[in-house]
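The sequence and the structure come first.

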Amino acid sequence: MSNSESFFSKLETRIAEIDSHLCVGLDPHIKELFPAGDGDSKSEEERCDAAFQFCKRIIDATAPHAAAYKPNAAFFEALGPNLGVTTLRKVIAEIPPQIPTLLDVKRGDIGSTAQAYAEACYDDPNGVNADGVTLSPLMGWDSVSPFISGKYSNKGAFVLCKTSNPGSNDLLALSLADQQTLFEKIAGLAQTWSDKAISDSQMDTSAEPPRLGLVVGATDPDALEKARKACGPKMWILAPGVGAQGGDLDAACRAGLNSEGTGMLIPVSRGISRADDPASKAKELKDGINAARKSVIESSSSKKRKHPDTCTDSEQEVAPYQKAFLEFSLEQGVLKFGSFVLKSGRTSPYFFNAGLFASGASLFKLGRAYAASIMSSKELVTDGNVNFDVIFGPAYKGISLGAVVCAALYNDFGIDVGFAYDRKEAKDHGEGGKLVGASMKDKRVLIVDDVITAGTAIRQSHEMLINIGAKPVGVSIALDRAEKRSLEDPISSIQAVARDLEIPVVSIVSLPQLQGFLRDSPNYSDEVLEQVTSYRSKYGV
């Protein structure tokens, strides 16, 4: 690979030339080399010769169909201490130069150690001369940087994100404070690190292909979908698990491909090496991947034709916490699709009833969703610090909401603010009064409620806060229906509140994001999306 050509440029060129997203694995396991079970009795030279012939046979048979080759370093190192790595180098030399070689090593270390690993993987003749590698990202950017920066800025790497083995759930599926899983965090970091490596090389991040991709198992389509959303459409995903591990190719492609039907590399090892005819099997796999890609492309094109306004509006991107909120709202029956007559007399294709968040688990998740939306708001957060001192929950629904939001802000983000609420009627004994909780005089106050219909309750709360000497700085709600107040009034109730009170209104989700959720979800038909889109066209702002 020339110094001017990056790993992912080379990969994309190869894919375009042969119309294949198949990555052929080269895993010379001792049991594959010596099925009779006498491998341990063979000399190192005999084992290495058998491994070389095994890999060469696969390369020769599959080269017309291989977008890339992925030799696994472990199987070569296990052949013997003297000739194992030499055999790996010989195998890589047999791969046609136009086909990128991804060395599966899963390295992860810091400083000079990571640099030494990079030299061993890339340099020729001392290293094995690979084009790219697989890496563990858990030690951070400084453990990844040596493999894609400096003298190796033309190389590429796939970082482990959500692997195909069942045990990956032990760590990679853990939930973080911002309601992302660890693997979603890794996916986002990989994009950030890739951009950093490119910008450090004084190149344009928008024009250059990424330097990093993700390893996400084809055995977990849900993780593939979430990883794709977290990393964006440009990043490549290596999706092992099709074949021997039982991954469903069609489901994996639907979840992990970008809207252009690309961005995924499907590695297959045993499914090819154990086939009677590796060349025919490789072609069969390539054709199967392309059939799945075609289906994704047609589906995406169909939705773009039917709903151009829902597919080009960048505001409809759905963050992980928003997707999780919509999913558990549906599970709880809080959000429903159908035909519902609203107070306004309009017939809506969806209905949202926050009062049905009526269990400890649902309130816990609801509070976390509010907290995540608040912390994602540029109007309410500056440099990681919130611009309010107290959360105020208007009676009655706002009381429980304010409490769970306060708790979630502290638990998930370490933000400790006061909590206050009001009564409908003044207490006639004890300390009396209508206000309970933290003092709000001379304090910045965030009002929390479920929805804004006409905005009357929010305006009343705002007036009361001003009268006691508090400073209202914003409103946080669950759902912004983004509807005109009337066909004659072009703004919504939320827009009117923000305009008249001169404070921002932040929602967990809005109607355009609900459309984005429906567009991307395989669980809802085009008919549901069409009904919501039609409603927004008629009544939306």
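A contact here means heavy atoms within 4.5 Å. Among contacts between residues at least 6 apart in sequence, 72% join residues at least 24 apart. The model is predicted: local features need pLDDT of at least 70 and side-chain atom pairs count only at pLDDT 80 or more, while totals for chains, interfaces and linings use all residues. Residues are numbered from 1 along each chain as its sequence is written, and side-chain values use heavy atoms, with hydrogens and water left out.

**Overall features**

The protein holds 20 helices and 20 strands; helices (H or I, at least four residues) and strands (E, at least two) are DSSP runs, numbered from the N terminus. Its C-alpha trace spans about 95 × 50 × 45 Å along the principal axes. Of the 541 residues, 52% count as buried, where buried means under 20% relative accessible area, exposed over 50%, and partly exposed in between (1.4 Å probe, protein chains only). The exposed surface comes to about 23,800 Å², with carbon and sulfur atoms supplying 49% of it; the areas come from the Shrake-Rupley method with a 1.4 Å probe, and for residues only the protein chains shown count as cover.

**Charges and salt bridges**

Lys and Arg count as positive and Asp and Glu as negative, with His and the chain ends not counted. Each charge is placed at NZ of Lys, CZ of Arg, CG of Asp or CD of Glu. On this basis the mean positions of the 58 positive and 69 negative charges are 3 Å apart.

A salt bridge is a side-chain nitrogen of Lys or Arg within 4 Å of a carboxyl oxygen of Asp or Glu. The count is 22 salt bridges, including the pairs tabulated here.

| Pair | N to O distance |
|---|---|
| K226 and D222 | 3.3 Å |
| K281 and E284 | 3.4 Å |
| E327 and K323 | 2.5 Å |

K226 and D222 both lie in helix α9 (residues 221–231), four residues apart, or about one turn of the helix. K226 is partly exposed at 22% relative accessible area, and D222 is partly exposed at 37%.

K281 and E284 are three residues apart in helix α12 (residues 278–306), so about one helical turn separates them. K281 is partly exposed, with a relative accessible area of 25%.

In helix α14 (residues 320–331), E327 and K323 are four residues apart, about one turn of the helix. E327 counts as partly exposed at 28% relative accessibility, whereas K323 is buried at 10%. Elsewhere, salt bridges that share partners join K70, D104 and K106 into one network.
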